[in-house]
Amino acid sequence: QILTRSYLEDLLILARASTNTVVFYNSLHAGASVNHIHFHMVSHIARLAIEDTQIEDAGRYKFLSGYPACSLVFNMRDPVDEAWLCIDNLQKQGFPFNLICIDDRAYLIGRNPEQEVIDEFPGGILASMELAGKLITTERDYYRNAHRDLVYSALRKSTLDRDVLLRAITE
């Protein structure tokens with residue numbers, strides 16, 4: 001399961017043309033458990049936490065600022081070149097990732113391959129919707145016991161930190 005530039009372009013065309021939707025891609029070991037191209041498009045009726053997070057301009061790249069999951073942020077109206085370079089480098093190095101498209105932003109989240117399944121989120125794997133701020137699980141106890149610190153810990157643990165992400169996308 002490799003995201004090609006052509007598939008990325010198609011995903012962005014779909015996302016740009018859609019309103020009130022979230023379009024996302026889960027790579028293998030980042031929410032996709034079956035080896036296939038794992039795109040989704042879901043109705044978007046309420047803002048997600050990722051949308052309300054400040055964006056920090058860090059020179060060549062933009063990042064979410066203060067969000068527990070480190071994410072690059074791209075404008076979907078910009079040419080696909082920079083996002084593709086980052087995705088291609090992540091794939092070449094074997095890092096799983098999620099791509100989340102909402103309104104005119106695309107969020108690229110590199111995943112920690114050693115933390116695919118984490119104690120904080122029993123019964124499932126954190127994928128794009130969870131990383132965007134909507135936790136989905138079939139475990140009732142998780143809902144009863146979930147709190148902000150637990151969720152933040154899960155998001156931090158399962159994603160690459162900024163330094164590792166920067167090295168991965170630039171090598």
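These legends accompany close-up views of a predicted model.

Residues are numbered from 1 along each chain as its sequence is written, and side-chain values use heavy atoms, with hydrogens and water left out. Because the model is predicted, local features need pLDDT of at least 70 and side-chain atom pairs count only at pLDDT 80 or more, while totals for chains, interfaces and linings use all residues.

View 1. Leu-8, Leu-11, Leu-12 and Ala-15 are the buried residues of α1 (buried means under 20% relative accessible area, exposed over 50%, partly exposed in between, with a 1.4 Å probe and protein chains only). Seen down the axis of α1, these buried residues fall within an arc of 95°, so they line one face of the helix; the arc is that of the directions from the helix axis to the C-beta atoms. An α-helix has 3.6 residues a turn, so residues three or four places apart point the same way. Look to the face turned away from the buried side for the exposed residues Ile-13 and Ala-17. The cover over the buried residues of α1 includes β1 (21–26), β2 (39–43), α2 (81–92) and β6 (97–102).

View 2. Arg-16 lies in helix α1 and, at 29% relative accessibility, counts as partly exposed. Leaving aside neighbours within four places in sequence, Arg-16 is in contact with Met-76, Arg-77 and Asp-78 (contact means heavy atoms within 4.5 Å). The C-alpha atoms of Arg-16 and Ile-102 are separated by 8.8 Å, although these residues are 86 apart along the chain.

**View 3. Thr-21 in strand β1.** Thr-21 sits in strand β1 and counts as buried at 16% relative accessibility. Beyond its neighbours within four places in sequence, Thr-21 is in contact with Met-41, Val-42, Ser-43, His-44, Cys-101 and Ile-102.

**View 4. The packing of α2 with α6.** Helix α2 and helix α6 (residues 162–170) pack at an angle of about 95°, with their axes 7 Å apart. Axes are lines fitted to C-alpha atoms, for helices over the stretch in contact, and angles run from 0 to 180 degrees between N-to-C directions. The two helices, α2 and α6, are therefore roughly perpendicular to each other (65 to 115 degrees; under 35 counts as roughly parallel, over 145 as roughly antiparallel and the rest as oblique). Cys-86, Asn-89 and Leu-90 of α2 meet Leu-165, Ala-168, Ile-169 and Thr-170 of α6 in this contact. The buried residues of α6 are Leu-165, Ala-168 and Ile-169. Seen down the axis of α6, they fall within an arc of 90°, so they line one face of the helix. These buried residues pack against β4 (61–65), β5 (72–75), α2 and β7 (105–110).

**View 5. Ala-106 in strand β7.** Ala-106 lies in strand β7 and is buried, with a relative accessible area of 5%. Apart from neighbours within four places in sequence, Ala-106 is in contact with Leu-72, Val-73, Phe-74, Met-76, Leu-99, Ile-100 and Cys-101. The C-alpha atoms of Ala-106 and Met-76, 30 residues apart along the chain, are separated by 5.9 Å.

Definitions and conventions. Helix = DSSP H or I, 4+ residues; strand = E, 2+ residues; numbered from the N terminus.
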